[in-house]
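Please look over the sequence and the structure shown here before reading on.

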Amino acid sequence: MYAIVEIAGHQFKVEKDQRVFVNRLQTEEGKKVSFDNVLLIGDGDNVTVGAPAIDGAQVGAKVLKHLKGDKVIVFKKKRRKGYRVKNGHRQSLTEIVIESIAASGAKKAAPKKETKKAEPKVEVKAAAPKATAKKSSDKADDLKKVEGIGPKIASTLADAGITTFAELAKTDAAKISEIIADVRGNHVTDTWPAQAKLAADGKWDELKKWQDELDGGKA
């Protein structure tokens, strides 16, 4: 018997006594844990599919240990800017062993086909992104035009409520450093408010000339 189950945001095909590495779980080592978001169970020629999950199905496991994965090197470079940043990352993982796969109370895929035609969930999901897309495009500026700001930093600033050049220009450089403290890399924010002020005033030629003299956002 095997099952396809969602664990910590990822789907895995598992069998009894199989060891699996998943994203870090909060459960302590040696403790048992169960997962009820089972998408499919196969037992020989008998296959049961959920819509999306199988009612009553459950995969039981035991936490063996917490560890970190292999190191991944992230290297960023901007040519003619002298900008080079090298970072390493090791994903936090948990090793578990599958102890049981229970299909009690599972519903077959065939009866579920009727409810699939209505597709109520698809309509809700399609409506939500459109609403957010409209909202975000109302007045937000492309903060990545400021030398030294990349996609991750722009996203972090947006989460903090800074989405326009005018808002960035009013924010103290020390405050900006505090907001992006969790973003990996060496970021010099001293010139960002001044750059944002030029962008907000539409002085693009003056901004471009200054940025050609900067090194990763540093004067």
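## Basis of the description

A residue is called exposed when its relative accessible area is over 50%, buried when that area is under 20%, and partly exposed in between. The structure is a predicted model. By the cut-off of over 50%, Arg80 counts as exposed because its relative accessibility is 73%.

## Overall composition

The protein contains seven helices and 10 strands. Of its 219 residues, 29% count as buried. Its accessible surface amounts to about 14,400 Å², and carbon and sulfur atoms hold 50% of that area.

Contacts may also be sorted by distance along the sequence. Among contacts with a separation of 6 or more, 62% are between residues 24 or more positions apart.

## Strand pairing around β10

Strand β10, residues 92-102, runs antiparallel to strand β3, residues 19-23, and five bridges join the two. Within this pairing, Arg19 has Val97 of β10 as its bridge partner.

Strand β10 is also paired with β7, which covers residues 58-68; here 10 bridges link the antiparallel strands. Ala61 is placed opposite Ile98 of β10.

Which residues of helix α6 are buried? In this helix, which spans residues 192-200, they are Trp192, Pro193, Gln195, Ala196, Leu198 and Ala199. The cover over these buried residues includes four other helices, namely α3, α4 (165-169), α5 (173-179) and α7 (204-211).

## Backbone features in the loops

Several loops carry backbone features of note. Between β6 (46-49) and β7, the loop contains Pro52. The peptide bond leading from Ala51 to Pro52 is cis, and its omega is near 0°.

Asp17, in the loop between β2 (10-15) and β3, has a phi of about 70°. Asp17 counts as exposed because its relative accessibility is 54%. Arg80 belongs to the loop between β8 and β9, and its positive phi is about 65°.

## The segment after α7

Where is Glu213 found? Glu213 lies in the segment that follows α7. With a relative accessibility of 55%, Glu213 counts as exposed.

How far apart in space are the C-alpha atoms of Glu213 and Lys81? They are 8.4 Å apart, although 132 residues separate Glu213 from Lys81 in sequence.

Definitions and conventions. Residues numbered from 1 in each chain as written. Predicted model: local features only at pLDDT ≥ 70, side-chain atom pairs only at ≥ 80, totals over all residues. Heavy atoms only, no water. Buried < 20%, exposed > 50% of the residue type's maximum accessible area, 1.4 Å probe, protein only. Contact = heavy atoms within 4.5 Å. Areas by Shrake-Rupley, 256 points an atom, 1.4 Å probe, with all protein chains shown as cover. Pairing = 2+ DSSP bridges.
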